[in-house]
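Trainee: I would like to examine one part of this model closely, namely its pockets.

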Amino acid sequence: MFVCVHNAGRSQMAAGFLTALSDGRVEVRSSGSTPAETINPVAVEAMAEVGIDISDQRPKILTPEAVQASDVVITMGCGDACPFYPGVRYEDWQLTDPAGQGIETVRQVRDDIRGRVEALLADLLPATA
C-alpha cells in the first residue's frame with residue numbers, strides 16, 4: 001500500500017509503476033489520509049511519458065483494516081498526516097511533493113519513485129534460479 005495525503009501523484013505514480021513492473025504479481029493499493037477528488041494532471045502527464053496511465057487513479061481513504069491487510073505500507077513523506085501502524089512492514093519515502101510543481105520537477109520525482117519501486121519489487125519478488 002502506498003499512502004499519501006492528497007492526490008499530488010506520489011502514491012499514484014508508485015502504484016502505477018509497481019502494477020506495471022510486477023506484471024500483476026503484486027496487489028497494489030493507493031490510499032490517502034485526505035484524498036482529493038482529482039489527481040495532479042502534471043503527474044498524469046509525467047507517467048504518460050513512460051507509457052503508464054494513472055488518470056483514473058484515486059486513493060482510497062486510509063483505514064486500519066486496509067493497513068492490516070497489506071504486507072508493506074509505504075508513506076510518501078507525509079509525516080504526521082499518515083499514521084504509523086505497528087506490526088506491518090513500514091517505510092517512509094521522503095519525496096518532493098509534486099503539487100504545484102512543473103513537469104521537470106515531477107519527472108525527477110517520477111524517476112526517483114521508479115528506482116524505489118524497482119528496489120521494492122526486487123525485495124518482494126526475488127529472482128528465482
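Into how many nonpolar, polar and charged residues does the lining of the second largest pocket divide?

Mentor: The model is predicted, so to speak of local features requires pLDDT of at least 70 and side-chain atom pairs count only at pLDDT 80 or more, while totals for chains, interfaces and linings use all residues. Residues are numbered from 1 along each chain as its sequence is written, and side-chain values use heavy atoms, without hydrogens and water.

The lining in question comprises four nonpolar, five polar and five charged residues; here Ala, Val, Leu, Ile, Met, Phe, Trp, Tyr, Cys and Pro count as nonpolar, Asp, Glu, Lys and Arg as charged, and the others, Gly among them, as polar. A pocket is an open set of points on a 1 Å grid over the protein atoms alone, where a 1.4 Å probe fits, with protein on both sides within 12 Å along at least five of seven lines; lining residues have an atom within 4 Å of a point.

The second largest pocket has a volume of about 170 Å³, the space filled by probe spheres set on points joined across faces, edges and corners. Of its 14 lining residues, Ala15, Thr19, Val28, Ser30 and Gln57 lie nearest the centre. Helix H1 (residues 10–22) contributes the most to this lining, with four residues; helices are DSSP runs of H or I with at least four residues, strands are E runs of at least two, and both are numbered from the N terminus.

The largest pocket, at about 270 Å³, has ten nonpolar, one polar and three charged lining residues.
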